[in-house]
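Here is a short report for a first look. Please keep the sequence and the 3D view at hand while reading.

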Amino acid sequence: MEGGVRITRMSREVATRVDESLGATGRVHSVFERAINLEWPDGRLLALHGPGPLLSPFAAAVDHVGPLRSLRVGIPVTIEPRGLVAGAVVLTSRQAEVIECSVEASRYLAEPPPRHLLDWRGRHSSSLDSASGVSARALLAAGIRQHDVTRLIAGAEALLGLGEGLTPSGDDCLVGALAVLHYVDGAWLRRPGPPVLEPITQAARERTTAVGHEFVRHAIDGRFSEPVLAVLRAVSPDDHRQAVSCLLRLGATSGADTLSGMRLACRSLAA
Amino acid sequence: MALATLVRRGSYHDSVTLLNLARALRVWPSVREVAVVMGTPANRDLLARASLLTAEAATATANDLVVVVDADSAAIAEDAAASVESRLVERALRRGDRRGGRPRTVASAARRMPEANLALISVPGAFAALEARRALRAGLHVMLFSDNVSLDDELALKRLAIERDLLLMGPDCGTAYVGGVPLGFANVVPRGPVGIVAASGTGLQQVAALLAGLGHGISHAIGVGGRDMGAAVGGLMTLSGLDLLGRDPATEIIIVIGKPPAPEVAERVQSRLRAIGKPAVVCLLGAGLSEGTEASITTVATLEAAALAANATLTKSAWRPRAFSEPDARRRIAEARRELAPGQASVLGLYAGGTLAHESLLILEPLLGPVSSNLVDRPGSQGLAGHRVLDLGADEFTVGRAHPMLNPTARVEAIREASGRSELAVLLLDVVLGHGAADDPAGDLADAIQTMRAQARGAGLGLAVVATVVGTSGDPQGLAAQIARLESVGAWVLPSNAQAARAAACIAGGEPVLDSLLGRSRARS
């Protein structure tokens with residue numbers, strides 16, 4: 001069948017969207033060589049990419065991406081009983097494996113910081129070493145280290161939208177830091193008192209790209225891509241190496257910038 | 001410091017693409033700094049701190065792609081920024097994300113794009129006729145990029161095309177523009193009033209690029225294949241192309257480019273042009289041509305003259321051919337000659353463009369005497385001594401490797417081989433830019449040129465390198481940057497191939513040639 005594509009794996013978020021939004025019509029938001037993004041009327045995104053780990057918490061992996069490349073930006077996408085329908089392409093999800101992308105689903109109480117991240121020696125993108133980047137990271141680190149809400153938010157806001165890439169390097173760094181915070185110190189993020197996460201959500205809406213915003217919104221809620229979760233869950237040195245290597249392959253510098261944020265949070269928590 | 005900005009609104013590209021774009025720009029000569037970022041507030045602040053926030057960049061929003069280039073000159077900065085647009089469009093076209101994906105047959109492509117009316121066929125010659133026939137039967141015009149199509153097949157395909165009121169451009173058609181869309185090897189030129197029928201790819205590119213530099217665009221440019229104007233094919237597609245341009249209201253002037261046709265075809269072309277009645281310029285590169293205008297048809301002897309004559313018609317101005325458009329050409333020639341040692345008096349032309357090589361041959365021989373070449377079939381034409389012009393795109397140089405417009409290997413090897421020639425005075429080159437050409441053709445040659453000049457100096461000799469760059473400011477490689485790259489290794493870059501060939505002749509031949517050229521030029525103007 002020309003245009004038939006099977007969704008093999010999808011995040012819990014995507015599964016919920018598909019199950020609960022029958023009849024909803026979105027549009028193709030952006031088309032890349034190996035992935036496309038769909039946008040729903042509420043402004044949220046759904047990413048479709050080829051087989052393998054879910055590269056975002058709002059992603060579904062399909063068996064082959066070839067037919068997706070024929071889709072044009074702007075064409076309607078409808079959720080029908082037979083699947084997602086975009087032009088001549090029908091994406092069926094009936095037998096797809098549903099993946100939990102929440103940190104909560106894989107953490108135990110009182111997890112220690114993943115120590116192997118302290119030793120990671122990789123390089124992040126140069127924009128994180130700009131004056132703005134250095135200052136933003138210092139604020140974020142101080143906020144995490146001292147449980148200082150004001151500085152943590154200021155650091156996060158300064159990182160949003162900073163640097164190269166469709167998901168700017170600053171966003172990736174912030175997502176990495178939030179992954180470790182949720183994993184190690186999630187209770188503090190959600191404790192009563194001055195809110196930490198809501199101001200960051202608000203800032204992301206105004207200060208970064210649509211795709212960066214989607215990543216940050218999920219990170220605020222504790223949901224991350226499978227490569228990020230694999231780094232958090234790695235136990236043995238071999239697991240560490242494999243997980244880090246997988247994450248580093250993301251984008252031009254996205255993986256390295258995410259790892260940089262994870263290391264920043266680990267070091268701050270360990271200080 | 002000169003800044004140029006490109007803002008693409010709502011433009012999403014993956015980070016690897018953006019990084020590669022930035023890397024590609026950073027290696028341009030004279031480019032100091034490059035920013036390729038999304039227009040978020042944080043990035044606009046970064047640009048401001050780096051003194052790169054232009055007024056246009058300041059208007060960008062978080063979902064806009066912003067490219068800012070800082071270069072030594074405004075022309076290079078603008079070329080570099082414009083090249084990003086070209087690269088992104090090319091990438092999108094390669095990915096097939098406009099419509100229809102990547103079809104595997106002409107028929108499935110036609111089904112996916114029912115509004116399409118043209119097929120570009122580039123398959124091995126043995127299969128090309130079959131695919132072209134299928135496309136014509138599906139009602140599609142055909143650009144047949146493939147070579148090695150038999151004469152019988154060419155005739156049959158062109159007759160089938162005429163039956164169906166379609167065009168069969170080719171075979172071996174490397175360049176065309178249809179409705180403003182460049183096909184094959186093509187420079188980025190504006191749309192405009194000039195229609196072209198050409199049996200020559202690089203000839204078409206030279207004329208289109210020169211016209212673009214003069215501010216004129218192309219309505220359509222129809223490639224017909226190198227054999228079309230011969231007796232066997234009888235000008236079938238040339239005449240069809242002329243009819244099409246004659247009916248096209250956007251075409252105000254017609255240029256015909258090729259090599260000398262069979263006499264009966266020449267008469268048919270002239271007769272058809274007279275019947276169409278639009279102003280026309282005929283440039284059929286051959287020996288002993290006399291330039292002049294009869295009724296509405298102007299005959300010219302060089303590609304540059306074709307562009308100048310068309311410009312004169314469009315601007316209603318006098319046509320004033322000159323040997324050189326640069327006022328200090330005589331001084332530069334004298335400087336180049338001063339560096340030569342006694343006995344250095346020969347020219348070596350190493351060309352990627354076959355028609356450009358042919359044009360140089362026609363210019364050099366009357367000025368310098370016999371020139372050996374792989375383009376002419378006569379005794380002694382392959383000799384090593386004396387003047388020589390090689391078309392390195394010819395079959396004997398491209399067996400097992402890509403055309404020199406894509407792969408510099410053959411030309412770099414030829415430059416190395418020539419390095420020991422003590423009688424060599426001038427190395428004459430062309431560099432062709434545009435869609436389909438190499439990413440950095442001038443850069444590909446620069447090291448070899450530099451080494452050759454250094455070796456000559458080490459041997460107590462001089463060596464002049466004279467070149468032309470066929471390109472426009474919109475080309476992905478950047479015209480100004482490519483010229484600057486050649487100049488950085490001591491090349492003298494002239495605005496047309498004809499001028500480059502004349503300059504080479506003057507350097508090798510000295511004052512007698514220079515006086516004869518400038519004297520003749522003064523007499524005609």
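The sections below cover chain B, its strands, the cavities and one serine of chain A.

## The model and chain B

This is a predicted model. Chain B has 525 residues, and 55% of them count as buried. Its secondary structure consists of 19 helices and 20 strands.

## A three-stranded sheet in chain B

Strands of a sheet pair through backbone hydrogen bonds, either parallel or antiparallel. One open sheet of chain B has three strands, in the order β4-β5-β6. Its pairing is parallel. Which strands form the edges? They are β4 (118-121) and β6 (168-169) of chain B. Each of these edge strands pairs on one side only.

Strand β5 of chain B covers residues 141-144. Two bridges join β5 to β6(B), and the two strands run parallel. Within this pair, B:Val142 stands opposite B:Leu168.

## An enclosed strand

Strand β9 of chain B spans residues 191-198. Six of its eight residues are buried, so β9 is largely enclosed by the rest of the structure.

What is the partner of β9(B)? Five bridges join β9(B) to strand β10 of chain B, residues 218-223. The two run parallel. Here B:Ile196 stands opposite B:Ala221 of β10(B).

## The largest cavity

Rolling a probe the size of a water molecule over the atoms shows where empty space is left. A search of the whole structure finds two cavities of 30 Å³ or more. The largest has a volume of about 90 Å³. Its lining has 15 residues, and those closest to its centre are A:Glu164, A:Gly165, A:Ala252, A:Thr253 and B:Ser15.

Which helices take part in this lining? From chain A come α4 (169-189) and α9 (254-270), and from chain B comes α1 (15-26). Each supplies at least two residues. The largest share, four residues, belongs to α1(B). By type, the lining of the largest cavity holds six nonpolar, six polar and three charged residues.

## The second largest cavity

The second largest cavity has a volume of about 80 Å³. It is lined by 13 residues. Nearest its centre lie B:Pro404, B:Met405, B:Pro408, B:Arg411 and B:Pro441.

Two elements of chain B, β18 (424-432) and α16 (441-458), each supply at least two residues of this lining. The largest share, three residues, comes from α16(B). What kinds of residue line the second largest cavity? Ten are nonpolar, one is polar and two are charged.

## A serine in a loop of chain A

Where is A:Ser102? This residue sits in the loop between β9 (97-99) and α2 (131-146) of chain A. Is A:Ser102 buried or exposed? Its relative accessibility is 17%. Buried means under 20%, so A:Ser102 counts as buried.

Which residues touch A:Ser102, leaving aside its neighbours within four places in sequence? A:Ser102 is in contact with A:Gly222, A:Arg223, A:Leu229 and A:Arg233.

Note on methods: Residues are numbered from 1 along each chain as its sequence is written. Chains are lettered from A and ligands numbered from 1 in the order in which they are written. This is a predicted model: local features need pLDDT of at least 70, side-chain atom pairs count only at pLDDT 80 or more; totals for chains, interfaces and linings use all residues. Side-chain values use heavy atoms; hydrogens and water are left out. On a 1 Å grid over the protein atoms alone, a cavity is a set of points where a 1.4 Å probe fits but cannot get out, and a pocket is an open set with protein on both sides within 12 Å along at least five of seven lines; lining residues have an atom within 4 Å of a point. Grid points are joined across faces, edges and corners, and a volume is the space filled by probe spheres set on the points. Ala, Val, Leu, Ile, Met, Phe, Trp, Tyr, Cys and Pro count as nonpolar, Asp, Glu, Lys and Arg as charged, and the others, Gly among them, as polar. Buried means under 20% relative accessible area, exposed over 50%, partly exposed in between (1.4 Å probe, protein chains only). Two strands pair if DSSP finds at least two bridges between them. Contact means heavy atoms within 4.5 Å.
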